[in-house]
Amino acid sequence: MVEEGAKSLPMELSEKRGVENNGFVQNEAFDDKETETSSQEETPKTCNVDVDAATAEELVLKPYAGMPKEVLLKFSSQARYRVTREILFWLIIVAAVVLVCATITIIALSPKCLDWWQASPIYQIYPRSFKDSDMDGNGDLKGVQEKLDHITYLNIKTIWITSFYKSPLKDLGYGAEDFYDIDPMFGSMSDFENLLAAAHDRGLKVIMDLIPNHTSDKHQWFQLSRNRTGKYSDYYIWQDCGEAAGSITPPNNWVSVFGNSSWQFDDVRKQCYFHQFGKEQPDLNFRNLAVQQEISDIMKFWLNKGVDGFSFSAVKFLLEATHLRDEPQVNKSQNSDTITAYSQLYHDYTTTQVGMHDIIRSFRQTMNQFSREPGRYRFMGSDGEENEDIEATMMYYGTSFIQEADFPFNFNLMNMKNLSGNSVFEAVDSWMKNMPTGKWPNWAVGSPNAARISSRIGKEYINVINMLLLTLPGTPVTYYGEEIGMENIASENVTFPEKSPMQWDGKVNAGFTEGNSSWLPVNSDYQSVNVEIQRAWSNSTLNLYRELTSLRNNELPIHRGWMCYIWNDNDIFVYVRELDGLDRVFMMVLNFGQESTIDLQAIVPSLPSEAIIRLSTNFSNAGKAVNTKLIKTEVGEGLVLEYKTMKPVHTMQAFQGKCFVAEKACYSSAFNLLYMNC
């Protein structure tokens, strides 16, 4: 039946004067029938129908998937397709231009991201006292690696390891015998490489010490120099010495830091060599360019290892005056023959000589060669002037055109003669008002060369000092053990009481070593002052320290905002941290004296009547609301208050000259981003 219908269809179309589909293949039966019929009938007459050509073409040709190029071009030239295509094209161009312009604008207006040495506190480790891994009683590099998780627990991303070069360990290893090797006490080069890799795997940066001023007298350079061998002959500072009555007369009255003459006669060379420190630590001759190149090569060696930065020590001693004149006496009436102490002379000819900063800049240039890779900036710190010459210290930052150190280490808070709200304010203000524009501050409250906080100013102030350290603008530096409030060893027989072994737990030797003894005795309070017990105690110094580092890392006003002084007196120091565009403000009320009560609204009239205690040295107070007209603090108490306001202190006329910002940024709540031009 279907076949009959198929056969009859062409016949029917033909009979009705229809248009035959020439593309349709007919079967044989129909062909036979058509042949017979055509022989019997006349050919049908053609029917002409007038049809518009364009309409016919449209009826016949319509766009379809897979159409050939010729058909596609025929349709693409039509107005409705061409106009639509051009509209889409220009919309895409405009959108791309807008996107590029928006990206350029955001980049141009965005403030510089804080670098790693700005974003995280620095944790200073004295490796001999941190952790002993081989039971010989001395801390080592493997021990540091074992305790890297403690660093991450503190929310710290940078560690600074003091000197561990191969050394006779005179002056605790600060005179290197070989700058290219590790002292066996601390392990091997392989141990260092493993430590570095483990630190980097945890996202930590590693800074190491470099003391370029001098070497050990066991160093190969010195041995060659004393024998006048080749270029090494003047690697050190040699001078002829006079002889009178069988004793050696030095070239001048220069005195070493450790006391007595800074000239030492050498029996091999028959001359005197110069040493700013111990006689076992001869000074290098930095007026010899070959010596400068040697130090550059040492830096490159460790930077190629992957070290993230250096702390340069004793740099103010790099050059001495060539005229060798006697240095002026502090007490001009003193008999010159009795001068033996360093403090008895003005050191006009042996420190901070012309050309010294040029050498430091050359160190910076070497560091910059390794800072070109994105994310691999190499940090450079230096010590500054220790004689309270703040302007001379600021010169170590360099200039706006020529960079030196990223910052000279700031020991103002360690050098305070006494503790009070006023003295803390003066220490902070001295640095901030003298720091060059655009530079970054830093703060340290402990070091291997100073008494610990608890021993220096009292254990009741350890928490408030840590609160100060971690809420000031800039990079805080914490000496190991200060996060748990360690004290000096209470013994007159101990030479280095501030370097006592780290107190990890309440076991024998405080978990520092599994050996029978440690190189220094462990402090007797280790069973109550240790990491393990303080991690479990919510109101501990350790947990407060950790909360403070978390606050610093997560809150923009504390991370990089303005600091404005609000009030200081003998008992308290008050300041705020705020950021343009952000209505959330943090106010620190820190007690460094006796119990105190203050009306903050009388000082800042726009201050809200209530503020929330975000953090307190007494954890039980956290989260409570306080009346800003009546803020009470106990001895050694610290409060971090949080409140909201649309009138930031740094915009008020009354506080002009009392506010500082290092890396200025403004916050846009609409776009949730930072920008520069407020």
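Helices (H or I, at least four residues) and strands (E, at least two) are DSSP runs, numbered from the N terminus. Methionine 299 lies in one of them, helix α11.

This is a predicted model, in which local features need pLDDT of at least 70 and side-chain atom pairs count only at pLDDT 80 or more, while totals for chains, interfaces and linings use all residues. Residues are numbered from 1 along each chain as its sequence is written, and side-chain values use heavy atoms, with hydrogens and water left out.

Is methionine 299 buried or exposed? Methionine 299 has 0% relative accessibility and counts as buried. Buried means under 20% relative accessible area, exposed over 50%, and partly exposed in between (1.4 Å probe, protein chains only). Beyond its neighbours within four places in sequence, methionine 299 is in contact with Leu210, Phe310, Phe312, Phe363, Thr366 and Met367. Contact means heavy atoms within 4.5 Å. The C-alpha atoms of methionine 299 and methionine 367 are separated by 7.9 Å, although the two are 68 residues apart along the chain.

Glutamine 239 lies in strand β6 (residues 238-239). With 28% relative accessibility, glutamine 239 counts as partly exposed. Not counting residues up to four places away in sequence, glutamine 239 touches Pro251, Trp263, Gln271, Cys272 and Leu324. Tryptophan 567 is 328 residues from glutamine 239 in sequence and 56 Å from it in space, C-alpha to C-alpha.

**Helix packing**

Helix α11 (residues 289-305) packs against helix α9 (residues 189-201) at an angle of about 55°, with the axes 10 Å apart. Axes are lines fitted to C-alpha atoms, for helices over the stretch in contact, and angles run from 0 to 180 degrees between N-to-C directions. That makes α9 oblique to α11. Angles under 35 degrees count as roughly parallel, over 145 as roughly antiparallel, 65 to 115 as roughly perpendicular and the rest as oblique.

Which residues meet here? From α9 come Met189, Phe192, Glu193 and Leu196; from α11 come Phe301, Trp302 and Lys305. The contact of α9 with α11 has 5 nonpolar, no polar and 2 charged residues. Ala, Val, Leu, Ile, Met, Phe, Trp, Tyr, Cys and Pro count as nonpolar, Asp, Glu, Lys and Arg as charged, and the others, Gly among them, as polar.

**Aromatic rings**

The structure holds 43 aromatic pairs. Rings of Phe, Tyr and Trp (its six-membered ring) pair if their centres lie within 6.5 Å; planes under 30 degrees apart count as stacked, over 60 as edge-to-face and the rest as tilted. Phenylalanine 425 and phenylalanine 573 form an edge-to-face pair, 6.0 Å centre to centre with 65° between the planes. Phenylalanine 425 lies in helix α14 (residues 421-434) and phenylalanine 573 in strand β17 (residues 572-578), so the pair ties together parts that are 148 residues apart in sequence.

One aromatic cluster includes Phe192, Phe301 and Trp302. Among its other members are Phe164, Tyr165 and Trp221.

Charges also sit over rings. The criterion is NZ of Lys or CZ of Arg within 6 Å of the ring centre and within 35 degrees of the ring normal.

| Charged residue | Ring | Distance to ring centre |
|---|---|---|
| Lysine 147 | Tryptophan 504 | 4.4 Å |
| Arginine 452 | Tyrosine 480 | 4.7 Å |

**Positive phi**

Most residues other than glycine have a negative phi. Leucine 324 has a positive phi, near 60°. Leucine 324 is found in the loop between β11 (309-312) and α12 (356-369). Phi of alanine 510 is near 60°, also a positive value. Alanine 510 is found in the loop between β15 (475-479) and α17 (531-536). With a relative accessible area of 0%, alanine 510 is buried.
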